[in-house]
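Thanks, everyone. Have the sequence and structure open.

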Amino acid sequence: MGRRILSIYDLGRLSKMRGQFFFREAPLFKAILETLNCINSYVTFEFSSEALSVRQLDSTRVAMVDYVIPKVCFEDWIPPETPKEFELDVQRMLTAFPKVSRDTSLHVELGFESGQAIISFIDAGKIKRRIFPMKTAVEKLEVSPPTIEDSAKCRVWLKPFIEDLQELKKIFGESTATLHSDKIGKKLILEGKEEASIFINEYKLNEGILLQLEGQAKSKYNIAQLNAYAFPQSILHLSEVANIEFGNDTPLKVAFTPKDMPLADAQFIHYLACVA
């Protein structure tokens, strides 16, 4: 039987069922996947004419990420004809990633009809390809980010703040921590107790970690969840500073400021439910 020759119509139809983009620095894209993997190993993306975006809940539905990476962050951007949602097993992808450096670029081709994601790692004339299955019959998550009213807002240096949270987790585990500002708006306080032990971390404004503080509010959060979902270690590859917002007994909102120019226009926001 002879090979069928594709018509112009066929080629046009296939092009509408594909999308592709080129990203200059593969380690940054890997860091995004690593941080998403902290929330859920199965992640649903939306590929539109304007951005690659993710709004994903964790498996227990206490945390959510809201990521938007606009097309200006990519070197090459060829979206499908209409916005497409697709699901990838991010954990599986990361185990198959080759070693990458800042000189490694990334080309991603998504076949919405074939159900395959082809990722090419390009470095010094060498190309390594990894092909992953992707689920295209997915529903977009119809969950809106929570509204936080009468909130306290602060800005912190991430690395030392995350180190303090990790220290609390080692000692106090699944305990609840109360986050609040003091009455005069000069300190951010994180405090709690585990049986007979009490912990109090105070961060003074403009004296190290705490860069900005305004408003007054108080809310409780699980220490382990703060570490795993709100402030995962892998976010340090993407950001050095975070804007934190919380109200009285409300979810926590953490907006991470991208530290690298290729992602300067991207949005990385994490939400965490409070503890009643």
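I will take the pockets, then the cavities.

This is a predicted model: local features need pLDDT of at least 70, side-chain atom pairs count only at pLDDT 80 or more, and totals for chains, interfaces and linings use all residues. Residues are numbered from 1 along each chain as its sequence is written, and side-chain values use heavy atoms, with hydrogens and water left out.

The largest pocket has a volume of about 360 Å³. (A pocket is an open set of points on a 1 Å grid over the protein atoms alone, with protein on both sides within 12 Å along at least five of seven lines; lining residues have an atom within 4 Å of a point. Volume is the space filled by probe spheres set on the points, joined across faces, edges and corners.) Its lining has 21 residues, and Thr44, Val54, Arg55, Lys140 and Leu141 lie nearest the centre. Which strand gives the most to that lining? β3, with five residues. (Strands are DSSP E runs of at least two, helices H or I runs of at least four, numbered from the N terminus.) The lining divides into eight nonpolar, three polar and 10 charged. (Asp, Glu, Lys and Arg count as charged; Ala, Val, Leu, Ile, Met, Phe, Trp, Tyr, Cys and Pro as nonpolar; the others, Gly among them, as polar.)

The second largest pocket holds about 150 Å³. Its lining includes Glu34, Arg102 and His237.

Cavities. There are three of 30 Å³ or more. (Here a 1.4 Å probe fits but cannot get out.) The largest cavity holds about 80 Å³. Its lining is 12 nonpolar, no polar and no charged. Phe21, Phe45 and Met93 are among them.
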